[in-house]
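User: Hello! I have a new protein model open and would like to talk through its fold with you. Could you help me read it?

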Amino acid sequence: MRFLRVILLVMLGGCLVLLSVANREPVTLRLFPNGMTGYIPMPPPVEVPLFLVMFVCMIAGVLIGFVWEWLREHKHRARAVRRKSRIRKLESQVTDLRKDQDSDRDEILELLE
């Protein structure tokens, strides 16, 4: 299994290297469209390689997906916590009942002797 993981990571790394070599051209990034420059003070445009923009967008998409899924699964985690506390409570009740049952049995045996 570890061997397959290494193979997949090497293949993924190779694909990312090929993607970055093929997309080295600089692109201009602006915060707002050109028509809004007179209305809002704008930061200057930034020129970065295209592959860098693509990698940042991929990482942002993965992070947004993780956060979205974590928030979506909150109800399941909360239900699991409630069930776990209920199980602990029931287990403690069972042990208490067993102790009571054992102590009752001892008293009856003592009476018979």
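This is a predicted model: local features need pLDDT of at least 70, side-chain atom pairs count only at pLDDT 80 or more; totals for chains, interfaces and linings use all residues.

User: Thanks! What share of the residues in the protein is buried?

Analyst: The accessible surface comes to about 10,500 Å², and 68% of that surface belongs to carbon and sulfur atoms. Of the 113 residues in the protein, the buried share is 3%.

User: Is Asn23 buried or exposed?

Analyst: Asn23 sits in the loop between helix H1 (2-22) and strand S1 (26-29). Leaving aside residues up to four places away in sequence, Asn23 touches Pro49, Leu50, Phe51 and Met54. Its relative accessibility is 16%. The cut-off for burial is under 20%, so Asn23 counts as buried.

User: Nice. How are H1 and H2 oriented to each other?

Analyst: Two packed helices are described by the angle and the distance between their axes. Here the axes of H1 and helix H2 (residues 50-72) come within 8 Å and cross at roughly 140°. Roughly antiparallel would need an angle over 145 degrees, so the two helices, H1 and H2, are oblique.

User: And which residues of H2 make the contact with H1?

Analyst: By class, this contact has six nonpolar residues, one polar and no charged ones. H1 contributes Leu16, Leu19 and Ser20. From H2 come Phe51, Met54, Phe55 and Met58.

Methods. Residues are numbered from 1 along each chain as its sequence is written. Side-chain values use heavy atoms; hydrogens and water are left out. Buried means under 20% relative accessible area, exposed over 50%, partly exposed in between (1.4 Å probe, protein chains only). Accessible areas come from the Shrake-Rupley method with a 1.4 Å probe; for residues, only the protein chains shown count as cover. Helices (H or I, at least four residues) and strands (E, at least two) are DSSP runs, numbered from the N terminus. Contact means heavy atoms within 4.5 Å. Axes are lines fitted to C-alpha atoms, for helices over the stretch in contact, and angles run from 0 to 180 degrees between N-to-C directions. Angles under 35 degrees count as roughly parallel, over 145 as roughly antiparallel, 65 to 115 as roughly perpendicular and the rest as oblique. Ala, Val, Leu, Ile, Met, Phe, Trp, Tyr, Cys and Pro count as nonpolar, Asp, Glu, Lys and Arg as charged, and the others, Gly among them, as polar.
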